[in-house]
Amino acid sequence: MKRAAFIDFQGTLGGKGTDDIRSLVFYPFSIEAIKKLNDNDIFVIGITNQSHISKGELTWNEYNEKLNLLKAELNHYNAHFDAVFCCPHTNSDNCNCRKPLTGMINSACKEFEIDIKGSYVIGDMGMSDMILAKNIGAKGILVLTGVGKGSLNEYRHTWKDIEPYFIAENVLGAVNRMIAD
């Protein structure tokens, strides 16, 4: 069984934190972070809520086109995702995959032999990413990019009973902490 880094997309790897995947551009340090995980034999699993699909504002084709561009950019630097899981639903769809629910992680565990207790959820939203980490029994690392600072301050009440394992400036800091553990 291997450790995994379950990594949020918008606000964590790039983008502005609240836009859909079409606006995502990797932060300068994100590719290095993913490559470090690859080089340390840690599964890199993207997990993303894309409710714009369910709302009819983003098609699956547009989502997949952008995801393929991101994968090609990683490949250019000899880095890769081991898998990416997407929840296309809104809260009203009553799915089991919208973060902080565990459906995407359950799917990943069916595909890979993952040591959940040795794994991490890395994201910029306490109310989804850090609660997800608690829900699956993994360590949560909150990054301060995207909406991370707001999540830690004015929106802290939305996840007040959860403490992140670590708070990092960005995904590279999170990955460095994960590797150091």
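This dialogue goes through how to read several features of the structure above.

Student: What kind of model is this, and how are its residues numbered?

Tutor: This is a predicted model, in which local features need pLDDT of at least 70 and side-chain atom pairs count only at pLDDT 80 or more, while totals for chains, interfaces and linings use all residues. Residues are numbered from 1 along each chain as its sequence is written, and side-chain values use heavy atoms, with hydrogens and water left out.

Student: How are the strands arranged, and in what order?

Tutor: Helices (H or I, at least four residues) and strands (E, at least two) are DSSP runs, numbered from the N terminus. Two strands pair if DSSP finds at least two bridges between them. Here six strands form an open sheet with parallel pairing, in the order 3-2-1-4-5-6. Strand 3 and strand 6 (166-168) are the edge strands, each pairing on one side only. Direction ignored, neighbouring strands of this sheet are turned by 20 degrees against each other on average.

Student: Is strand 3 buried or exposed?

Tutor: Buried means under 20% relative accessible area, exposed over 50%, and partly exposed in between, with a 1.4 Å probe and protein chains only. Five of the five residues of strand 3 (residues 83-87) are buried, so the strand is largely enclosed by the rest of the structure. Ala 83, Phe 85 and Cys 87 point one way from strand 3, Val 84 and Cys 86 point the other way, and all are buried.

Student: Which helices lie across strand 3?

Tutor: Axes are lines fitted to C-alpha atoms, for helices over the stretch in contact, and angles run from 0 to 180 degrees between N-to-C directions. Contact means heavy atoms within 4.5 Å. Helix 3 (residues 60-76) lies across strand 2 and strand 3, and runs at about 150 degrees to strand 3. Helix 4 lies across strand 1, strand 2 and strand 3, and also runs at about 150 degrees to strand 3.

Student: How many residues of helix 5 are buried, and what covers them?

Tutor: Eight of the eleven residues of helix 5 (residues 126-136) are buried, so this helix is largely enclosed by the rest of the structure. Among them are Met 130, Ile 131, Leu 132 and Ile 136. Their cover includes strand 1 (4-7), strand 2 (43-49), helix 4 (103-111) and strand 4 (120-123). After helix 5 comes Gly 137, with a positive phi near 80 degrees.

Student: Where are the nonpolar cores, and which residues touch the most other members?

Tutor: In soluble globular proteins, nonpolar side chains tend to be buried together. A nonpolar core is a set of buried Ala, Val, Leu, Ile, Met, Phe, Trp, Tyr and Cys residues joined through side-chain atoms within 4.5 Å. The largest one has 35 residues, of which Phe 9 and Ile 122 touch the most other members. Helix 7 (171-180) is among the elements that each supply at least two residues, and its five residues are the largest share of this core. A second, separate core of 21 residues includes Phe 6, Ile 47, Met 104 and Ala 133.

Student: How many aromatic pairs are there?

Tutor: Rings of Phe, Tyr and Trp (its six-membered ring) pair if their centres lie within 6.5 Å; planes under 30 degrees apart count as stacked, over 60 as edge-to-face and the rest as tilted. A search of the whole structure finds five such pairs. In one of them, Tyr 27 and Phe 29 are tilted, at 5.3 Å centre to centre with 35 degrees between the planes. The centres of Phe 43 and Phe 112 are 4.7 Å apart and their planes are at 45 degrees, so this pair is tilted. It links distant parts of the chain, 69 residues apart: Phe 43 is in strand 2 and Phe 112 in the loop between helix 4 and strand 4. Both Phe 43 and Phe 112 are buried.
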